[in-house]
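Here's a quick tour of a fold, written for someone who likes to know the cut-offs behind the words. Have the viewer open as you read.

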Amino acid sequence: MATYQPLGLMPDIMQKLIKLFPSAYAAAAYRQIWMKDLINDNVPSQGRSELIKQLGIGLRIHGSRLTVNQEMIAMLCGGGICLVLLVLVSGLHTEEY
């Protein structure tokens, strides 16, 4: 989710849809970690926020950018929810036989 195409280049509805999947938070966290020095050192301050938004370096929820820790927590919670749903669905499927 938004791994190869930056999140900021997608329409708003796609951005909101992608934020429902845990992999989007992992990709954003990795971008923050890997590009931290590049963004801080080589980009003028007036263009930095726009570049961060367009590249999807750190996701925004309700207007505020998430930290790496918050993105990892969101990824783990989302992954846990997906795992629980998978177990529930597979449990319902086996009861039919």
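## Ground rules

Buried means under 20% relative accessible area, exposed means over 50%, and partly exposed is in between (1.4 Å probe, protein chains only). With that, methionine 14 counts as partly exposed, because its relative accessibility is 35%.

This is a predicted model, where local features need pLDDT of at least 70 and side-chain atom pairs count only at pLDDT 80 or more, while totals for chains, interfaces and linings use all residues. Residues are numbered from 1 along each chain as its sequence is written, and side-chain values use heavy atoms, with hydrogens and water left out.

Helices (H or I, at least four residues) and strands (E, at least two) are DSSP runs, numbered from the N terminus. Methionine 14 sits in helix 1, residues 12-18.

Arginine 31 belongs to helix 2, residues 22-42. Its relative accessible area is 14%, so arginine 31 is buried. Isoleucine 18 is 13 residues away from arginine 31 in sequence and 16 Å away, C-alpha to C-alpha.

## Helix 2 against helix 3

How do helix 2 and helix 3 pack, and at what angle? Helix 3 covers residues 45-55, and the two pack at about 155° with axes 12 Å apart. Axes here are lines fitted to C-alpha atoms, for helices over the stretch in contact, and angles run from 0 to 180 degrees between N-to-C directions. Angles under 35 degrees count as roughly parallel, over 145 as roughly antiparallel, 65 to 115 as roughly perpendicular and the rest as oblique. Helix 2 and helix 3 are therefore roughly antiparallel.

Contact (heavy atoms within 4.5 Å) involves Arg31, Met35, Ile39 and Asn40 from helix 2, plus Arg48, Leu51, Ile52 and Leu55 from helix 3.

## The core and leucine 66

A nonpolar core is a set of buried Ala, Val, Leu, Ile, Met, Phe, Trp, Tyr and Cys residues joined through side-chain atoms within 4.5 Å. The largest one has 8 residues: Leu7, Met10, Ile18, Ala24, Tyr25, Ala28, Leu59 and Leu66. Helix 2 gives the most to this core, 3 residues.

Leucine 66 is in the loop between strand 2 (64-65) and helix 4 (68-95). Its relative accessible area is 14%, so leucine 66 is buried. Leaving aside residues up to four places away in sequence, leucine 66 touches Tyr25, Gln32, Gly58, Leu59, Ile61 and Glu71.
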